[in-house]
Amino acid sequence: MSDAFVEETADEIIAGAMIRVENLNKHVETVQGRLDILLSIQLAIQYGETVAIVGASGSGKSTLLSLMAGLDLPSEGSVALAGITITDLDEDGRANVRSRYVGFVFQSFQLLPALTAHENVMLPLELAAVRQPRKAAQRLLERVGLGARLTHYPNQLSGGEQQRVALARAFVTTPKILFADEPTGNLDSVTGSQIIELLFELNHEHQTTLVLVTHDEALASRCGRRIRLEAGCIVDASSTRT
Amino acid sequence: MKIISLALRLLMRDWRSGELSILALALLIAVASTATISLFGDRLHRTMTLQAAEFLAGDLVVTSHSVLPETWVKKADQLGLRHARTAGFGGVIFNRDEMLLAGIKAVSSGYPLRGYLKTTTTDETEEVKTNDIPERDTVWVDKRLLSSLDLSVGDEIEVGEKWFRITRVLTFEPDRKGNFYSLSPRVMLNDMDLAATGMIQPGSHVHYYFLFAGNELALARFKKWLKPQLNPSQRIMDVHEDRPELGTALSRAERYLGLTSIIVIVIAGVAIAMATRRYSERHYDMTAMLRCLGAGQTDILWLYCLQLAMVGLCASLVGCLIGWFAQEGLIHLLEDLLPHRLARPGWGAVWLSLSTGLVTLIGFALPPVLRQKQVSPLRVLRRDLKPLPPSSWLVYGLAFSVITAMLWRYTNDVELMGYIIGGGLTAMVLLYVLTLQLLKQSRRLLPVLSLSWRFGLQNLSRQSKSSTAQILAFGITMTAMIVIILVRGDLIETWQAQLPERAPNHFALNIFQDEWQAFAKQLQNEQLKASAFYPIVRGRLVAVNGADVHTVVKEDSQGGRAISRDLSLTFAETVPVENKIVQGHWWQDQKPGQVSVEATLAKSLHIALGDRLTFSVGSQRFDAAVVSIRSVRWDTMNPNFYMIFSAGTLDGYARTYLTSFYLPADDKSALKRLLKTFPHVTILEVELILNQFRTILRQVTLAVEFVLVFALAAGLTVLFAAVYTSIDERIYEAVMLRTFGASRKLLRSSQLIEYMTLGLLAGVLAAVAAEMITWTLYRQLFDLSYRFNGWIWLMTPLAGMVIIGLSGFWSTRHVVNKSPMTVLREL
């Protein structure tokens with residue numbers, strides 16, 4: 001698939017659903033038999049929308065997120081990001097889509113321990129072959145308040161600082177979609193609130209479509225829409241704001 | 001008890017999940033290869049020693065000019081040793097008017113204790129092997145004696161005062177000494193007839209050889225008991241001293257096998273260290289959880305040490321079993337090439353392998369496991385909290401101690417160990433610093449490189465310390481592999497050069513001065529290629545700088561033996577082949593009165609350059625000044641000389657000539673024609689000795705070849721395993737890159753670049769280290785001449801790139817084919 005094709009397709013549907021999930025099923029085979037994780041998920045998320053996926057542990061939230069982001073493949077059904085059906089693509093094709101449209105924030109930060117804060121943020125830019133990645137990465141680190149910690153390695157940073165680096169890394173490519181998996185799950189409430197503030201600020205600045213998985217009702221309530229999962233099914237997809 | 005059952009349960013769980021497979025595999029390789037090499041080497045060594053003992057006709061031989069004290073025989077009986085004796089002396093044999101000086105040898109029943117005799121009844125019938133000796137009143141004689149005295153089998157001859165009937169023709173004696181100048185036709189008789197010949201009188205010049213054979217332990221005890229009781233005229237002979245050409249080959253083979261064992265252990269040790277590190281790091285979370293649940297540091301330590309011990313014991317036992325079957329299988333495969341009578345595998349070798357496994361495990365695996373003790377319970381909250389690394393002293397100290405202990409076991413030589421360890425450590429430190437700098441400097445290149453090169457190289461340079469450690473580990477393994485390839489090649493080449501295909505198999509002695517040219521011409525006519533003709537003057541060294549030689553040297557030393565008999569003195573214009581001047585210089589002019597002395601004799605007699613040596617030839621004396629000291633290769637079949645004089649020094653003394661030539665086995669008629677034309681010349685056939693020697697060398701070569709293949713296979717497996725143990729971090733990084741959208745091509749090419757660079761650097765490092773180590777080994781251990789090996793510098797980095805590059809590429813292949821979530825879950 002050519003890059004031009006991806007670009008054109010994305011432009012065509014930019015006004016429509018940014019993420020479209022159709023009849024998505026995920027199950028795994030265990031010794032006890034088949035275990036259903038997600039069942040017949042139908043979902044459309046519009047450009048610029050902020051969506052929280054909530055639900056109890058084991059309800060399938062993180063699995064849904066990883067399928068929507070193309071990190072994993074469904075058993076059945078399809079996922080389209082920016083009009084591109086990523087479930088039809090091979091891993092390379094999905095990687096290409098991710099590098100162009102997607103940013104990530106993980107609960108456990110997932111910074112590369114061997115890289116400095118600056119290098120971690122530069123990484124997605126380098127992969128997208130952006131020129132002058134150094135400056136852009138530095139600008140964003142300064143934006144998240146870590147301008148003085150550029151050369152620090154992840155193990156020299158606190159949890160909150162690491163998540164700031166992760167946010168900078170997520171936004172540095174100005175992604176169209178940001179997937180966040182329990183972004184405050186590993187942080188205390190004060191630091192968590194600060195990170196959330198920063199996340200929404202950056203999201204607003206970059207006009208990103210945000211999909212986040214959380215247990216935190218307060219965080220979920222800041223999103224435009226809340227999707228509740230129970231035993232792998234969507235039970236509620238109400239708007240939180242009118 | 002609770003800890004043991006918990007350790008067992010955890011072990012079973014890890015085993016099922018495959019966590020232990022690399023560690024167990026590395027251990028298994030170490031033990032299985034050590035066991036195979038030890039068992040096979042031990043069996044071959046014992047078989048070869050047995051064969052070599054056949055050259056002496058016994059395992060241990062004492063030479064003496066007098067009869068052995070009865071207490072010695074009793075002691076031998078007490079230790080369960082078999083014994084026999086031979087007595088050799090010169091005597092004249094008459095047949096009607098003909099007479100001949102013969103070498104008479106009386107042998108007791110049981111002779112030969114090792115090997116066999118070969119005899120025929122007539123020339124035409126086939127020779128038979130036998131362990132019998134002549135019956136009483138009969139003798140077995142050489143063909144030469146029959147033709148010289150015009151006798152045949154069934155005739156009678158008079159030896160001293162007794163008549164004997166010739167019953168067989170003697171064609172082979174295992175212990176016929178290679179003193180080419182005094183070989184006379186043999187007459188062998190029964191020891192019980194010796195007294196009746198009346199030839200042994202007080203003062204007679206008789207050489208007694210007392211032969212002993214039995215198990216190694218009893219022999220060692222006997223030798224220890226015997227040594228202090230020997231008088232100056234008595235000497236213990238063994239294969240290393242009295243067959244230097246074989247002894248050297250055997251010592252080298254033994255050392256090679258020993259060296260290979262150490263190398264396999266080092267290779268496996270590196271893999272064990274890497275595997276345990278991975279195993280340990282993957283258990284930090286569990287340890288943190290156990291600590292949270294109340295386990296103390298000591299409990300944790302016990303838990304892991306117990307698991308390690310269990311793995312070690314199981315892998316060592318299975319490894320020994322595999323080693324046992326592997327060597328049996330190998331011996332079965334090589335059945336046709338090996339001697340029929342092979343020594344049984346020794347339990348000692350099994351114990352050695354078993355203990356090697358456990359010791360190697362402790363030396364290389366303990367430090368990473370000890371880190372578990374440091375794991376903080378806080379890790380359950382902060383996963384990035386890693387325990388403090390173990391002290392470098394502990395890590396390197398333990399591995400160092402294990403290698404030192406192994407080296408000591410195989411070399412028993414402090415100086416040599418010093419060379420190897422000192423050299424190895426210096427090389428490693430230098431190379432570590434060099435590699436570290438190289439990696440750091442390579443960061444400067446990054447901005448101008450393409451993305452895949454940048455990712456590949458920056459993975460190495462960003463973690464320069466751990467990359468350097470890995471490069472060193474791969475480098476050590478590759479160094480070890482090159483060293484054994486190099487040493488093997490040069491050993492075999494040296495052995496083959498020692499005995500080329502058409503090596504002289506006949507020596508012609510006692511060629512008179514006025515007929516040597518005619519002799520040379522006849523050889524030429526018969527199309528037989530002869531070596532040089534060496535003039536021989538028999539004479540003794542009597543004084544050094546005017547002082548009687550007997551005052552400067554002990555009787556039972558090499559020098560002592562050399563001055564108590566006639567030496568073969570020769571002269572030459574140029575340095576003979578395989579002789580090397582170690583001090584002084586070869587004569588520039590051909591002035592008479594100069595001598596070149598063989599190095600070990602010079603040392604034993606305290607002879608230095610410029611000394612004046614006095615020789616006696618018959619009743620005359622002459623002096624010569626020492627102008628050079630030569631080292632001589634005694635392990636060849638060529639004639640060698642202690643004393644070589646400048647031309648003119650030996651003029652005026654009666655001389656004979658000596659030469660050697662190759663005669664094909666099926667062309668004995670040429671020999672008959674030679675003997676007919678030159679009846680005085682003694683022709684000595686050394687074909688049988690040569691063949692026996694060749695057989696042993698072939699077996700030694702075979703052992704060396706096999707051991708090499710095994711060690712290389714172990715090395716390659718371990719290299720691969722080592723790559724595999726270091727991939728977790730790389731996979732994680734690759735998955736993260738994948739998550740951010742890196743393409744398959746980018747990932748694959750950067751992984752390939754990373755691993756190939758790793759292999760390239762390890763290869764360069766291995767080439768440097770291998771050159772340094774072989775240089776030391778050749779000079780200090782194998783006594784081989786070192787030469788620069790250009791191909792190593794090309795092939796090793798290339799091989800490193802290919803092997804490590806492909807192993808790494810293969811190990812990480814699934815990262816790009818699977819979805820990131822699947823791979824992350826597997827880590």
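Which residue of β21(B) stands opposite B:Tyr534? In this predicted model, the residue across from B:Tyr534 is B:Leu658. The two belong to a pair of antiparallel strands in chain B, β13 (residues 534–544) and β21 (residues 656–661), joined by three bridges.

Strand β15 (residues 567–571) of chain B runs antiparallel to β13(B), and three bridges hold the pairing. Here B:Gly539 has B:Leu567 as its bridge partner. With strand β18 (residues 612–617) of chain B, β13(B) forms four bridges, again in the antiparallel sense. In that pairing B:Arg540 and B:Ser616 stand opposite each other. Strand β14 (residues 547–548) of chain B is also antiparallel to β13(B), with two bridges between them, and B:Ala543 faces B:Asp548 there. β13(B) and β14(B) form a hairpin with two residues between the strands, where B:Asn545 takes a positive phi near 50°.

Chain B also has helices. Helix α14 of chain B covers residues 451–462, twelve residues in number. At 1.5 Å a residue the helix should span 16 Å, and the distance of 15 Å between its end C-alpha atoms agrees with this. The buried residues of α14(B) are B:Ser452, B:Phe455, B:Gly456, B:Leu457, B:Gln458, B:Asn459 and B:Leu460.

In helix α12 (residues 392–411) of chain B, one residue to look at is B:Val402. Is B:Val402 buried or exposed? B:Val402 counts as buried because it has 20 C-beta neighbours inside 10 Å, and the cut-off for a buried residue is 20 or more. Leaving aside residues up to four places away in sequence, B:Val402 touches B:Gly269, B:Val359, B:Thr360 and B:Gly363. B:Gly363 lies 39 residues from B:Val402 in sequence, yet their C-alpha atoms are 5.7 Å apart.

Chain A can be taken next. Its secondary structure amounts to eight helices and ten strands. Chain A has 242 residues, of which 48% count as buried. Of the contacts in chain A between residues at least 6 apart in sequence, 69% join residues at least 24 apart.

Chain A contains an open sheet of four strands, in the order β2-β1-β4-β5, with antiparallel pairing. The edges are taken by β2 (33–46) and β5 (84–85) of chain A; each has a single partner strand, so one side of each is left without a neighbour in the sheet. Helix α2 (residues 61–68) of chain A lies across β1 (17–30), β2 and β4 of chain A, and runs at about 120° to β1(A).

Another strand pair of chain A is formed by β9 (residues 225–230) and β10 (residues 233–236), which run antiparallel and are joined by three bridges. A:Arg228 stands opposite A:Asp236 of β10(A). The hairpin of β9(A) and β10(A) has two residues between the strands, and A:Ala231 takes a positive phi near 45° in it.

How do two helices of chain A, α6 (residues 159–171) and α7 (residues 189–206), pack, and at what angle? The angle is about 10°, and the axes are 10 Å apart. That makes α6(A) roughly parallel to α7(A), because angles under 35 degrees count as roughly parallel. On the α6(A) side, the residues that meet α7(A) are A:Gly159, A:Gly160, A:Gln163, A:Arg164, A:Leu167 and A:Phe171. Their counterparts in α7(A) include A:Thr191, A:Ile195, A:Leu198 and A:His206. Taken together, the residues of this contact of α6(A) with α7(A) divide into six nonpolar, six polar and one charged.

The last topic is where the chains meet. There, 24 residues of chain A are in contact with 21 residues of chain B. On the chain A side, the elements giving two or more residues are α3 (91–101) and α4 (117–127) of chain A. α3(A) gives the most, with six residues. The residues on the side of chain A that touches chain B comprise 13 nonpolar, six polar and five charged.

Notes
Residues numbered from 1 in each chain as written. Chains lettered and ligands numbered in written order. Predicted model: local features only at pLDDT ≥ 70, side-chain atom pairs only at ≥ 80, totals over all residues. Expected span 1.5 Å × (residues − 1). Buried ≥ 20, exposed ≤ 12 C-beta atoms within 10 Å, placed from the backbone. Pairing = 2+ DSSP bridges. Contact = placed C-beta atoms within 7 Å. Nonpolar A, V, L, I, M, F, W, Y, C, P; charged D, E, K, R; others polar. Axes fitted to C-alpha atoms, helices over the stretch in contact; angles between N-to-C directions. Parallel < 35°, antiparallel > 145°, perpendicular 65-115°, else oblique.
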